[in-house]
Amino acid sequence: MLRLPRYRYHRPENLEAALELLARHEGSAMPIAGGTDLVPNMKQGLFEPEHLVALRGIAALRGIDVVERSDVGDDAVPEHWPARELRIGAGVTLAEVAAHPLVREHAPSLAEAAGRVAGPQLRNAGTIGGNVCLDTRCTYYNQTFFWRKSLGFCLKKDGDTCHVTKVGRKCVAAHSADTPPVMMTLGASVELASAEGSRTERLGDFFVADGIWNTVRRPTELVTAVRVPLAPPRRFAAYEKMRQRNSIDFPLLSIALAGELEEDGRVRELRMVVSALGSRPRIVSGLEKIAVGERPSDELVDAVAERAHAQSHPLDNIIVDPEWRRAMVPVHVARALRRAWSLPAHERAA
């Protein structure tokens, strides 16, 4: 039986009290909302906090509403996009995100991604904020203490060696969350708060290439909400997830894309993120050279799929052959594009 380590459980009544507790116990405290990832990791000895700060009862972290956009005038957001956005509290469960009418209307690809996280029991407990902050995963990390000790531990926890790359001081544990890649393609941002104040970060800038701690969030900060701009005219979007068991597993590969068509049906913009291969979601570059000004077609689907394939280099951090995972990139990119553009289904060769 895997047992939890000893800890003290705090139940603050409001956000300010939660932030104060995290600041007071800096280095020994962790926040817990649904606990669907944190509790198993604690049982495996991956996290050993002396204090847990419960977030479930904090009203300020709940709610899904359409609000005025906070970044109007920001160069990162096209001027013609609506001046409103969807604000989702970090404590909203994934099941609520998947089913909420505002999310399904304004960000259907996000609703789809949230609805494909794990199984229904975990979606009823896990939160959107927890999914944004999900710990990276690796074959050599997500194991029991006995297993890791027998191997000699790893760079991410208790050791000084990366068993994947065998060299260097950089952890390459994989980003495995479903919703962040989708929100990146939709131009989303996250609100962060600490006892020292608050700030907002573009989700594309939130993740860093460090498998040990792959976000810019400080341990004393909380993600309090995510903000997703409302869809511009003629937006298209899609999400594809490959996993061993469709009922519950983490992704072996995930593809998120979004863009916009011109009035004449030509592609005005296309953004794509490939994830579950490295320690942060990868933005596929150069798509504007291939897609902008073109009409959706079989040839364009193949060109975009090959571009994504060329930029995807999975490592041996998951117990599935990395070359097979790479071969599946263009397959799932093609599926996502065909769904987004309503093109007839056509299975390309891997």
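**Reading a helix, some cysteines and an arginine**

Modeller: In this predicted model, let's start with helix α12, where L300, V301, V304, A305 and A308 are buried.

Colleague: On which side of α12 do they sit?

Modeller: They share one side of α12, because the arc they cover around the axis is only 130°. The general idea: an α-helix has 3.6 residues a turn, so residues three or four places apart point the same way.

Colleague: What do the buried residues of α12 pack against?

Modeller: Their partners are β11 (267–275), α11 (287–291) and α13 (322–341).

Colleague: Okay, cysteines next. How many disulfides does the structure hold?

Modeller: It holds 0. C154 is in no disulfide, and the nearest cysteine sulfur, in C138, lies 6.4 Å away. A disulfide needs the two sulfur atoms within 2.5 Å. For C171, the closest cysteine sulfur belongs to C162 at 6.2 Å, so that pair is too far for a bond.

Colleague: Are C154 and C171 buried or exposed?

Modeller: The cut-off for buried is under 20% relative accessible area. C154 has 7%, so it counts as buried; C171 is buried as well, with 7%.

Colleague: Last one: where is R148, and why does it count as buried?

Modeller: R148 is in helix α8, residues 145–151. It counts as buried because its relative accessibility is 2%. Beyond its neighbours within four places in sequence, R148 contacts Q44, G45, L46, Y140, Y141, Q143, F153, K157 and D158.

Notes
Residues numbered from 1 in each chain as written. Predicted model: local features only at pLDDT ≥ 70, side-chain atom pairs only at ≥ 80, totals over all residues. Heavy atoms only, no water. Helix = DSSP H or I, 4+ residues; strand = E, 2+ residues; numbered from the N terminus. Buried < 20%, exposed > 50% of the residue type's maximum accessible area, 1.4 Å probe, protein only. Contact = heavy atoms within 4.5 Å. Arc of directions from axis to C-beta.
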